[in-house]
There are 2 protein chains.
Amino acid sequence: MNATILTIGDELLIGQIINTNQAWIGEQLNLVNVRVGRMLTVGDDMQAILTAFTESWSRTDIVIVTGGLGPTHDDITKKAVCTFFDSDLVSNDDVREHIEEFMRKRNRKWSPSAEEQTLVPRKAGIVWNPLGTAAGMLFSEGKKRFIVLPGVPYEMKEMMTQSVIPMLAGLVDGAVIRHHTLRTTGIAESDLSELLGNIDELLQGASLAFLPSPTGVKLRISVHGTEAAAADRKVAEVEARIRSKADKYIYGAGTEELEEALGRLLLTQGKTIAVAESCTGGLVLEKLTRISGSSAYVLGGAVSYSNSAKTALLGVPAALIEKHGAVSPEVAEAMADGVRRVTGADIGLSITGIAGPTGGTAEKPVGLIYTGYADASCALAVKHQFAGSRAVIRDRTSAAAMELVRRKLL
Amino acid sequence: MNATILTIGDELLIGQIINTNQAWIGEQLNLVNVRVGRMLTVGDDMQAILTAFTESWSRTDIVIVTGGLGPTHDDITKKAVCTFFDSDLVSNDDVREHIEEFMRKRNRKWSPSAEEQTLVPRKAGIVWNPLGTAAGMLFSEGKKRFIVLPGVPYEMKEMMTQSVIPMLAGLVDGAVIRHHTLRTTGIAESDLSELLGNIDELLQGASLAFLPSPTGVKLRISVHGTEAAAADRKVAEVEARIRSKADKYIYGAGTEELEEALGRLLLTQGKTIAVAESCTGGLVLEKLTRISGSSAYVLGGAVSYSNSAKTALLGVPAALIEKHGAVSPEVAEAMADGVRRVTGADIGLSITGIAGPTGGTAEKPVGLIYTGYADASCALAVKHQFAGSRAVIRDRTSAAAMELVRRKLL
């Protein structure tokens, strides 16, 4: 089963927005064995959209269209869909009810643009949009499907996950593709590659992609086959061989982030954590609390961006900062211990360093970071020297800090 | 002058990699008045590549192809180019010399893949690759240009900047495109659309795109013309008309983020800020400190995820939390005032709420947020009801909190 992903919007063509929708949809389709043959982007232009519809619908079984479904004047996808499928627009009662409910909850008044959003092509099925007012549309011809979704990423993703992917999974037969991703941190791509050794012995017909990012290297195992159980078994074998060599760096699988893996460990062990951050400015706490339910183990913490805040919020002695400097192992330990004591958490984690691009010196260059750990029985600090932009250094630091606690807990 | 950007690679189709090259090239072409009509992505498949070449070259004046020029087995772009332009491959002496020099500098030995990289189509002009070994290729027909570049972003960008963009700028005549983006927050897309009123009166021939996101709606004004000064004037006129209606919601222009706009204001007014966050878990502090130099106005703050942390770190009386609940205007005010006092900042900002998806009740549903503000003379709290996923609610909240301070400072 072959698909085209068609994204619509002038903002994409002029590079104002990076097309993350396209990649996300590609990934999701791949997971249910729908093979994406092409991705196409055109602007908010009726003729260009109609040409793209014709091309895509004649070439592939599945066409996923996103963008241009909002209520403003530049959103012309719905008109193009009507022209293409020779349908008129009618006000849909179910959609109207959903939009009324949606606006009532937000204390917003009914408006001409809300009225406009109730209109859908008479020939279209509805793809429900639980998080917004623009309804999705579905056209079918035999096993072929033409699906139109809004471009707002969180609305589109919810609709894909809830409605589109389950529907497409039901249509696919035959070829089996299995992907499985292992997530590592604390080791560079080239070192990981060497650690894994001879790649043919390791894979035995499977394939492996190294996907580096500031927070770690993902290893994606892929197996193509015709039988699900055999493909799953092959993936499991390759995973076992990889783990026998690199297990200590692997914190999770699939889409699990390091903050989830760490949260799971804390929850299992019944431990609480608090964090004191300097140069990361709250990034570690922000990541830990992305996880719903994290209030069970995250007590909170402090962002002590200034020296006075280190003293006022964490009780780090001013004299200690004076003596060793704010970026030092001594202050990292004192911050970790301070945040633990102030909040009453079992574990204190701290970060102090220089994220740059300014503020570095010869002895303390940009990218110098100390992470600190404290529990009831010990306090320690680890030195790191990271490279990259301010954002990359902060990201690497956040991963190193969380990984420090994860290793301690294991 | 009309262009297609064609990117090649299976990794793009399965969503393993987000296509940032495409957006970057789109932006660069736009700046020299080359209008991108479509962006297309196909896999490492000969037939798909040839079809894409035919389509693109027949439709547009300029075709920029990236990807598939490396020496590994799945890189077949060069063969496809030879087939398409009916040319054979020859070893190019200048390219060989460049690769030899390149490898000598890096202490790398000559190899079969290096030899392979010296081959270019006989009919192609060379686009120099100062940062790598894969030469770019150029084919011309009258004013039409077909350009093939490697997919490695930093190599491609250097080649675009050094060679391709100057060449294309020399080909373009007449047409002028101007884009200008105004950034709003605190108003929904449909409300903003209504506030702006009659769109034809507003634009008078220019065009306007609404680009919504959880943190606000961007308004992009576009003017196509033949004379630069007139186009700039027209953009300025449309901006003035938009500002006369919606100025209070506009925090910045171009690529400026809300945290930059707020940081600029704080710096100008010589004020410092501290933040106490509950459900956003550090997101506001993390955003404020993304900006290099933010240590001049961000003192830090606390993430008081638990009630005990609100008391321990911020001095919020346990009795107050007991009486009104942690998610209440009273606690929001006390948090803002507390973080201000503890850190000695001029301004205290606070957030308390329910980011979901769990933790909501009938009286205090998911998405209920209070933002609090305190300075030397006042303390206040604002109620919000947001919708969306946990991540979206946190993002909306962070924007609302920063916007509260921005309005206060104006």
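Visitor: How much area do chain A and chain B bury between them, and what share of it is on carbon and sulfur atoms?

Guide: In this predicted model, the area is counted as what the two chains lose on being put together, summed over both. For chain A and chain B the total comes to about 5800 Å², and the part of it on carbon and sulfur atoms is 56%.

Visitor: Which three residues supply more than any other three of the area that chain A buries against chain B?

Guide: The contact draws 77 residues from chain A and 80 residues from chain B. Of the area that chain A buries against chain B, 10% is supplied by three residues, more than by any other three, and these are A:Leu13, A:Ile14 and A:Tyr305.

Visitor: Which residue of chain B meets the side chain of A:Glu55 in a salt bridge?

Guide: Between chain A and chain B the count is 6 salt bridges, the cut-off being 4 Å from a side-chain nitrogen of Lys or Arg to a carboxyl oxygen of Asp or Glu. At 3.3 Å, N to O, the pair that A:Glu55 makes meets this rule, and its partner is B:Arg38.

Visitor: In S14(B), what is the bridge partner of A:Gly301?

Guide: Strand S14 (residues 298–304) of chain A and strand S14 (residues 298–304) of chain B run antiparallel and are joined by 5 bridges. Within this pairing, A:Gly301 has as its partner in S14(B) the residue B:Val303.

Visitor: Which strands stand at the edges of the open sheet of 12 strands?

Guide: The sheet has mixed pairing and the order S6(A)-S7(A)-S8(A)-S3(A)-S1(A)-S2(A)-S2(B)-S1(B)-S3(B)-S8(B)-S7(B)-S6(B). Each edge strand has a single partner strand, so one side of each is left without a neighbour in the sheet, and these strands are S6 (125–127) of chain A and S6 (125–127) of chain B.

Visitor: In S2(A), what is the bridge partner of A:Thr7?

Guide: Strand S1 (residues 2–8) of chain A runs parallel to strand S2 (residues 35–42) of chain A, and 7 bridges join them. In S2(A), the residue paired with A:Thr7 is A:Thr41.

Visitor: In the open sheet of 4 strands in chain B, which residue of S11(B) stands opposite B:Ala209?

Guide: This sheet has the order S10-S11-S9-S12, with antiparallel pairing. S10(B) pairs with strand S11 (residues 216–225) of chain B over 7 bridges, and the residue of S11(B) that stands opposite B:Ala209 is B:Arg220.

Technical notes: Residues numbered from 1 in each chain as written. Chains lettered and ligands numbered in written order. Predicted model: local features only at pLDDT ≥ 70, side-chain atom pairs only at ≥ 80, totals over all residues. Heavy atoms only, no water. Contact = heavy atoms within 4.5 Å. Buried area = accessible area lost by both parts, 1.4 Å probe. Pairing = 2+ DSSP bridges. Helix = DSSP H or I, 4+ residues; strand = E, 2+ residues; numbered from the N terminus.
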